[in-house]
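This briefing describes selected features of a predicted protein model. Please examine the sequence and the structure below before reading on.

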Amino acid sequence: MTTFAKKGMVATSQPLAAEIGRDILKQGGNAVDAAIATAAALTVLEPTSNGLGSDAFALVWINNKLHGLNASGKSPQSISIEAVKAKGYEEMPTYGWTPVTVPGAPGAWASLSEKFGRLPFADLLAPAIRYAEEGYPISPILGDMWNRAYRRFKDRLTGPEYANWFNTFAPNGLPPQIGQLWRAPDHAQTLKEIAETKAESFYRGMLAKQITREASRYGGFITEADLAGYQPEWVDPISVNYRGYNVWEIPPNGQGIIALLGLNILKGFTFDNPYSVERYHKQIEAMKLAFIDGKKFITDPDKMTTHVDGLLSDTYALERLKLIGEEAAMPEPGTPPQGGTVYLATADQEGNMVSFIQSNYMGFGSGIVVEDTGISLQNRGADFSLDPHHQNALAGGKKSYHTIIPGFLTKDNQAIGPFGVMGGYMQPQGHLQLIMNTIDLNLNPQAALDAPRWQWIEGKKVYVEPHFPIDIAQALARKGHQIEVALESISFGRGQIIWRDPKTGVLKGGTESRTDGHIASW
């Protein structure tokens, strides 16, 4: 059921982390402080999806204005298509040091704290340090995800560079089981170093030296200069208006624009019966068109040749809308006019709200854990292309296409609130479905999250959840969609929502039933 509160709310995928955020609010912290504390705690409490070597993005509503933070990192300056191919690869590898880009999460925490925080930075990381030192019992979904990752890694990650992952996350030759206590003492010491130096050590100090020393040992490209040159970027969020509401996302290199492209197409349709097969069919077709455009055009914003304004123009949306017929189609990119992840949402009694997401990308990421630090590194560079003509072609000092996206909703220049859905390429699909469930179907936050989801995979292939209406699935199949009923729901995303009533200030939140979701309220 939907949770209501007045003074504050924190929603995320791990109960202990949500409680930490709520405690920070009670101690006088604001929504930004709560977000930082929760995010730091999640690196300990949900390491299957994020870590100290993650990237991060945030949308922050404070003092009646929305701010965007892009804390994704660039590729190492020394990497190139030729250098990767010289290692024997024909496409970017998934694991190891090669796909590691500069991690942004610690820098994100420090930047958020410096710009908008109220409590001392070190105080915000103290709860995470305590859990890393003392340990905590493994929750059900976390245990399942950990075990799946272990089974995948034990046969694939056989080189010496991966030994620290197994020492850290399978210390006795097996992953921790549900209900079992797990401790991370190295992680605790690194968090202390980050806390004491406000993340400077990670980029320009002792931790940076430890990271790059190990990279050099195993043929990685990342150097001290790459880390020293890193700074998170404050950016202007982008939006489209969907039936009177403004839906906000971080601009590229994030894929949030894909959700906006889909919504911009769908606002051109009127659904007489919002639960009809026509609504699902058009949602899927619009998302296919949006994804094809996104995968073609999204890359480092400094390297994009297609302007965001052109992609999100009503003129372009109308052209794409015309391509949606009565049958499932194979999507093609258009020609626009030129111009493993954790998510959390926080809100305080002053009206400040944060939509925050950080990720190691594919579960545990690269499989690399820096020795004696607990730093689990992302594999964000795996999305680069080794085709030199591709928009997202690998190059030194470049940001890759990024899957993680925080969302935010406003109406009439007033905050409605943060929302997000974790899960790789499911994320923009989840955003679109949540927003349409909220606005078109008038569902409360929990019902909007619980509604059965679909997931476009490729071509005409669409997965639906086990509890997806069978009559709708059959009708979609008759329209040419290749429908497959999934046996699990975790791949359909893990979302959180907090909405705020602009008149009363009352908060109402929903948390994901597909994971160990929890709302801590005050």
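How many nonpolar, polar and charged residues does the lining of the second largest pocket have? By class, that lining has 10 nonpolar, four polar and six charged residues.

- The volume of the second largest pocket is about 390 Å³.
- A total of 20 residues line this pocket, and those closest to its centre are Tyr 245, Ile 416, Trp 499, Arg 500 and Lys 508.
- Two or more lining residues come from each of the elements β14 (407-411), β15 (414-422), α16 (426-439) and β19 (494-500).

**The largest cavity**
- The largest cavity holds about 40 Å³ of space.
- Its lining consists of Leu 261, Asn 264, Ile 265, Ala 290, Asp 293, Leu 311, Ser 313, Tyr 316, Ala 317 and Arg 320.
- At least two residues of this lining are supplied by each of α12, α13 and α15.
- Sorted by class, the lining of the largest cavity comprises six nonpolar, two polar and two charged residues.

**Helix α15**
- Helix α15 spans residues 314-321, and its buried residues are Tyr 316, Ala 317, Arg 320 and Leu 321.
- Viewed down the axis of α15, these buried residues fall within an arc of 140°, so they line one face of the helix.
- The cover over the buried residues of α15 includes α12 (256-266), α13 (277-297) and α14 (308-311).
- Tyr 316, Ala 317 and Arg 320 are among the buried residues of α15, and they also belong to the lining of the largest cavity.

**Gln 255**
- Gln 255 is located in the loop between β9 (245-249) and α12.
- Gln 255 counts as buried because its relative accessibility is 0%, and buried means under 20%.
- A polar atom of the Gln 255 side chain lies 3.0 Å from the backbone oxygen of Gly 424.
- Not counting residues up to four places away in sequence, Gln 255 touches several residues, including Phe 291, Ile 298, Tyr 401, His 402, Gly 424 and Tyr 425.

**Glu 161**
- Glu 161 lies in the loop between α6 (140-156) and α7 (163-169).
- Apart from its neighbours within four places in sequence, Glu 161 is in contact with Tyr 218 and Ile 368.
- Between Glu 161 and Asn 70 there is a separation of 91 residues in sequence and 29 Å in space, C-alpha to C-alpha.

Notes: Residues are numbered from 1 along each chain as its sequence is written. This is a predicted model: local features need pLDDT of at least 70, side-chain atom pairs count only at pLDDT 80 or more; totals for chains, interfaces and linings use all residues. Side-chain values use heavy atoms; hydrogens and water are left out. Buried means under 20% relative accessible area, exposed over 50%, partly exposed in between (1.4 Å probe, protein chains only). Helices (H or I, at least four residues) and strands (E, at least two) are DSSP runs, numbered from the N terminus. The arc is that of the directions from the helix axis to the C-beta atoms. Contact means heavy atoms within 4.5 Å. On a 1 Å grid over the protein atoms alone, a cavity is a set of points where a 1.4 Å probe fits but cannot get out, and a pocket is an open set with protein on both sides within 12 Å along at least five of seven lines; lining residues have an atom within 4 Å of a point. Grid points are joined across faces, edges and corners, and a volume is the space filled by probe spheres set on the points. Ala, Val, Leu, Ile, Met, Phe, Trp, Tyr, Cys and Pro count as nonpolar, Asp, Glu, Lys and Arg as charged, and the others, Gly among them, as polar. A polar contact is a pair of N or O atoms within 3.5 Å; within protein, one must be able to donate a hydrogen and the other to accept it, and residues adjacent in sequence count only if both atoms are side-chain atoms.
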